Amino acid sequence: MERLTTLHIDKESHKFSAAHYTIFSASERERLHGHNYSVSARIVAPMGDNGFSADYNVYKRRIKQLCDELDEYMLLAGDSPHQQIGEEGDYYRVRFAGEQMLFLRSDTLVLPIRNATVEEFSHYLLGRLVERSRGEDLREIELGVASGPGQRGSARWQCAPD
Ligand SMILES: Nc1nc2c(c(=O)[nH]1)N=C([C@H](O)[C@H](O)COP(=O)(O)OP(=O)(O)OP(=O)(O)O)CN2
């Protein structure tokens, strides 16, 4: 039987500060606010003969890089069915429920997500991490995003069976 091991990566430095609002429906959203999000991961890989599975430093570096890419931005849900985002010079103009908001493009990231929630951030970041880990002998990756202590969403990728 194959010996698998689980690496848990839960570093204090794996965090990003971002502004967002959650959309609850076509007419209801939160006010703009921010969180210090933290990112953790669980990686399942086969044990090698020398008692080593996958080098966790590799994944630590990738997760840190992904956090840095989102740090200090306004995060907009580009795939929300409830808002329309247009580009106007230096600004994004967002239309939601009859209101309009302008965000400086240089301060804003429009992400391919349906809502700016911890669950959507976890799917987005998991996708990026899986992309960067392609070809490596991993069986499973679970990535969690917390918007604060005690509130977290996570997403899981599993290696397709042969
Ligand atoms: N399923 C989800 N529900 C909610 C999310 C989310 O990402 N996924 N996000 C929010 C809010 O953006 C955010 O949590 C603010 O909520 P709030 O409870 O008002 O404030 P805190 O996060 O600071 O939590 P405290 O318990 O007040 O410390 C809501 N729902």
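The largest nonpolar core comprises 33 residues, and Leu 125 and Leu 143 have the most contacts inside it. A nonpolar core is a set of buried Ala, Val, Leu, Ile, Met, Phe, Trp, Tyr and Cys residues joined through C-beta atoms within 7 Å. The elements that contribute two or more residues to this core are β2, β3, α1 (56-70), β4 (73-77), β6, α2 and β9. Apart from neighbours within four places in sequence, Leu 125 is in contact with Val 39, Leu 66, Leu 143 and Val 145; contact requires C-beta atoms, placed from the backbone, to lie within 7 Å. In soluble globular proteins, nonpolar side chains tend to be buried together.

The model is predicted, so local features need pLDDT of at least 70 and side-chain atom pairs count only at pLDDT 80 or more, whereas totals for chains, interfaces and linings use all residues. Residues are numbered from 1 along each chain as its sequence is written.

**Overall architecture**

The protein contains two helices and ten strands, which follow the order β-β-β-α-β-β-β-β-β-α-β-β from the N terminus. Helices (H or I, at least four residues) and strands (E, at least two) are DSSP runs, numbered from the N terminus. Along the principal axes, the C-alpha atoms fill a box of roughly 60 × 30 × 30 Å. Of the 162 residues, 26% are buried; a residue is buried if 20 or more other C-beta atoms lie within 10 Å of its own, exposed if 12 or fewer, and partly exposed in between, with C-beta atoms placed from the backbone. Among contacts between residues at least 6 apart in sequence, 62% join residues at least 24 apart.

**Strand pairing**

Two strands pair if DSSP finds at least two bridges between them.

| Strand pair | Bridges | Residues opposite each other |
|---|---|---|
| β1 (4-9) and β3 (33-46) | six bridges | Ile 9 and Ala 41 |
| β3 and β9 | seven bridges | Ser 38 and Ala 146 |
| β5 and β6 (91-96) | six bridges | Glu 88 and Tyr 91 |

An open antiparallel sheet is formed by three strands in the order β5-β6-β7. Its edge strands, β5 (83-88) and β7 (99-104), each pair on one side only. The twist averages 25° from one strand to the next, where axes are lines fitted to C-alpha atoms and angles run from 0 to 180 degrees between N-to-C directions.

Within β3 lies Gly 34. This residue is classed as partly exposed because 13 other C-beta atoms lie within 10 Å. Leaving out residues up to four places away in sequence, Gly 34 touches Ser 17, Ala 18 and Ala 19. The C-alpha atoms of Gly 34 and His 20 are 6.0 Å apart, with a sequence separation of 14 residues.

**Ligand shell**

The residues around the ligand are Thr 22, Glu 30, Thr 117, Val 118, Glu 119, Ser 147, Gly 148, Gln 151 and Gly 153; a residue is near a molecule if its C-beta atom, placed from the backbone, lies within 6 Å of it. At least two shell residues come from each of α2 (118-132), β9 (140-148) and β10 (151-158). By class, the shell holds one nonpolar, six polar and two charged residues. Ala, Val, Leu, Ile, Met, Phe, Trp, Tyr, Cys and Pro count as nonpolar, Asp, Glu, Lys and Arg as charged, and the others, Gly among them, as polar.

Conventions: Two residues are in contact if their C-beta atoms, placed from the backbone, lie within 7 Å.
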